[in-house]
Amino acid sequence: MQSTLTRLVLAFCNGSSTLQYLGSLTSVILLLSALLYKLLHVPVASPPRSGHSLPRLQLPGWKVTQLFFEKRFDFIKDGFKTTSSSIYQTSLFRHTAIVLSGNEGRKIFFKEKGLGLHDTFSIMMGSGAAQFDPHQVGGVVRRMASIQRSDNLQKLIPLILSECQRKMDAWGSEYILDPCSSLHEVTFQLVMRIASFDIANDPVLSARLKSLVDTIDSITNPYSTWLPWLPGPALFCKFFTSVQVYRIVQEAINTRKKSGIKRDDMLQQMIDDGDGTIQIFGCILGLSLAGSLTWLIMQISSDPTWSSNVQDEIRAFISTHTPSSASLSGNTLAQALSEIPLTAWESQTPNLDLCIRETLRTSQPYTAVRKNHGPDLTIGPYVIPSGSLVIYPFSDTALNPNYYPDPTRWDPSRGIEKETPFIGWGAGKHACKGQRLATLSMKLVVVYAMMRFDITMVDGQGKRINRLPLPEWNDSATCRPKEECGIKFVAK
């Protein structure tokens, strides 16, 4: 059966005329089924087991699912307004879903061990084919902790800087990056350089891998979750594409082992520690820098005061550790920065730290979803039942004017006080497991770029601007700018 399915998938994705006809027919049947499902089926969420009845958002399940995918930020915000409550219940992916806000809601979401992540993937992907083994997910988490040991991070610094140099050498004396596309290609290549030297060093293979990953992301949509039990063309293509990604990772592992050549990258670290393909596959694809790095560069370069502050700090930082910093450029710059110890990178750039913190707050207000594996949780007079999905929008804290006056304004000078909550990397038991590597990577890219180039923001016509459009917070992956703009790099 598996080989037959594989042949069908290969034929379908390669354009077999018979299967194209069957695929078209299947698409029509799926569309009609989805329409009937939308018209006739309104999921009824299971009621709380005790306590007061939770305020309910009166929308059919199919509409909630559609809005959650397409307008997530607005949907969550409008839900609080519609229900006039800081907590409400709805139906999402045929599951009871509880949306939280407020101080108590935030503490529960980030504190409770019973709120698990691994089931959420399969629920949101809309198919049993996306099931994750919690032990494998746990292995990925443990591996990320191991990779971020100080000795391992020190080894990654030269890799990241060498990739920065290679990409920026290709820009020449002047270059304009599109933050919605070309910068994402740069960050993907940077992630690959951290993950696997062999993949990053093969531009054709790296480009193919990025295309496959983008395809998987684009296939996940609300329509695949309405009828998760009915396989269709999207599921077949998702399966086929995932197999190709898996094979690329497997081939990279086999090639490394056969060659006997050791590299200072994540792949080598995981092979040496005896990790299996699943853990390596998960760690490599789990790395992400695109959204936060894009906005960090844009926001620093669009603010003259903070651009000057950060550049002064960078020059002082480099001169402290590199006596001949005045003559550094290109390869000599990458080499000099590589020799600066990790402890200095992590503790001696306070202005850049503030910029990163403020960037995460304003441009990456994610909506986190976890499943309550039990027991039932109590919040005020309400009960969050075991088995339900629990949703918390980071914007409830990050864009809350009670904590951050004029919350959409990027201002790294905001006072950092203990009573002001910050959840840019998550918090508590559910903090981002890769934040140390991500922070280091962002610092290395920004420092290298600002030493080599004068960086400014330009509009769609290439004219300089000292302001930025707001992020599109409904774009949960990268929060792209709402208006057309570019990042202009001019060699110093």
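Modeller: Let me begin with the record: the unreviewed UniProt entry carries the annotation "binding site" at Cys432. Please keep in mind that this is a predicted model.

Colleague: Where does cysteine 432 lie?
Modeller: Cysteine 432 is in the loop that runs between α21 (395-398) and α22 (435-452).

Colleague: Why is cysteine 432 called partly exposed?
Modeller: Its relative accessibility is 34%. Buried requires under 20% and exposed over 50%, so cysteine 432, at 34%, counts as partly exposed.

Colleague: What makes threonine 420 count as buried?
Modeller: Threonine 420 also has its place in the loop between α21 and α22. Its relative accessibility is 15%, and the buried class is under 20%, so threonine 420 counts as buried. Leaving aside neighbours within four places in sequence, threonine 420 is in contact with Arg357, Tyr403 and Tyr404.

Colleague: Which residues of α4 are buried?
Modeller: They are Arg72, Phe73, Phe75, Ile76, Gly79, Phe80 and Thr83. An α-helix has 3.6 residues a turn, so residues three or four places apart point the same way. Just after α4, serine 84 adopts a positive phi of about 55°.

Colleague: What makes up the largest nonpolar core?
Modeller: That core has 85 residues, and those with the most contacts inside it are Ile300, Leu337, Trp345 and Phe489. Helix α22 gives the most to this core, with 12 residues. At least three residues come from each of domain 1 (50-132 + 366-417) and domain 2 (134-364 + 424-491). Apart from neighbours within four places in sequence, leucine 337 is in contact with Ile157, Leu161, Ile318, Trp345, Val447 and Tyr448. A second, separate core of 17 residues includes Ile98, Ile108, Phe110 and Leu115.

Colleague: And the protein overall: how many helices and strands are there?
Modeller: There are 22 helices and 11 strands. Of the 492 residues, 53% count as buried. The protein exposes about 22,700 Å², with carbon and sulfur atoms supplying 55% of it. Among contacts between residues at least 6 apart in sequence, 76% join residues at least 24 apart.

Methods. Residues numbered from 1 in each chain as written. Predicted model: local features only at pLDDT ≥ 70, side-chain atom pairs only at ≥ 80, totals over all residues. Heavy atoms only, no water. UniProt positions renumbered as here; feature names shortened; annotations may be inferred. Helix = DSSP H or I, 4+ residues; strand = E, 2+ residues; numbered from the N terminus. Buried < 20%, exposed > 50% of the residue type's maximum accessible area, 1.4 Å probe, protein only. Contact = heavy atoms within 4.5 Å. Areas by Shrake-Rupley, 256 points an atom, 1.4 Å probe, with all protein chains shown as cover. Core = buried A, V, L, I, M, F, W, Y, C linked by side-chain atoms within 4.5 Å. Domains from an automatic or database assignment.
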